[in-house]
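Let's take a walk through this model, one neighbourhood at a time. Have the sequence and the structure open as you read.

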Amino acid sequence: MLAQMLRFSGEALGEARSYKLISAIVTPRPIAWVASRNAAGAVNLAPFSSYTFISYNPAKILISLGPGVDVLKDTLANIEARGEFTVSSVTAEFLDSMVDSSFAYANGESEAEALGIALEQGSSVATPFVKGVAAAMECTLDRIIEVGDRDHHRLIIGTVTCFHVDPAVWQGDRIDPKAYRPLGRIGGPLYQERGEIVVRPAPRERVSRD
Ligand SMILES: Cc1cc2nc3c(=O)[nH]c(=O)nc-3n(C[C@H](O)[C@H](O)[C@H](O)COP(=O)(O)O)c2cc1C
């Protein structure tokens, strides 16, 4: 006989258990390593894994930011103030510096500088991205949506104004999925490198190819 599914009421779970559960179920998550500048120009760098793309004409991405401790997270305050940011991809060689950059440095103190992370100038925005990453996107702010629930999440939607791709992961007219190996977040301190890739064409493609 099949064991009965465990069942948890969303409302009754409470914040900590709810976070544990949802962040373990919705995995692996890509990681947006977000650079932004504060009003004085200092570059802030922090990772966010509540992240996806939401459209492609033009390409738009979405990042969900939780509340900061006492004040807004620097990333949110900076993007609100400047209307732009960049997103760098995170591959294995950047794991340690990406994790270290999630430490809550004071506003105006640059994680990139403190951790010795080299940056490369953006071309369509004044915010740099991380030098040497496999891919990066420059973005202008489209809008910020307040989710409005008890945990005060804000959704940042950005329009991609420029893509950067390392030629080492480029083949023909696209990114080579075997060469491009972004890390996935599994929850808490757990990360995953991309495993074996399986190929399964969508049904219509299967028919038209036969
Ligand atoms: C891999 C990883 C993913 C994270 N994802 C998120 C996220 O999706 N949303 C969020 O609010 N914080 C997330 N954090 C925490 C932020 O990185 C952290 O709060 C950081 O200090 C924010 O920096 P800031 O204040 O400079 O913006 C994540 C941390 C790590 C290590």
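Start at Ala32, which touches Pro47, Phe48, Tyr51, Ile63 and Val87, leaving out residues up to four places away in sequence. Touching here means that two C-beta atoms, placed from the backbone, lie within 7 Å. A quick note before moving on: this is a predicted model, where local features need pLDDT of at least 70, side-chain atom pairs count only at pLDDT 80 or more, and totals for chains, interfaces and linings use all residues. Residues are numbered from 1 along each chain as its sequence is written.

Ala32 also belongs to the largest nonpolar core, a group of 28 residues in which Ala32, Trp33, Val34, Ile63 and Val87 touch the most other members. Such a core is a set of buried Ala, Val, Leu, Ile, Met, Phe, Trp, Tyr and Cys residues joined through C-beta atoms within 7 Å. Buried means 20 or more other C-beta atoms within 10 Å of a residue's own, placed from the backbone. Strand E1 (32-37) gives the most to this core, with four residues. Helices (H or I, at least four residues) and strands (E, at least two) are DSSP runs, numbered from the N terminus.

Now look at helix H2 (74-82). Its buried residues are Asp74, Thr75, Leu76, Asn78 and Ile79, and they pack against E1, E2, E4, E5, E8 and strand E9 (154-165). After H2 comes Gly83, with a positive phi near 70°.

Finally, find the ligand. It is surrounded by 18 residues, the closest being Ala46, Ser50, Asp74, Thr75 and Ser102; a residue counts if its C-beta atom, placed from the backbone, lies within 6 Å. E2 supplies the largest share of this shell, four residues.

Technical notes:
Buried ≥ 20, exposed ≤ 12 C-beta atoms within 10 Å, placed from the backbone.
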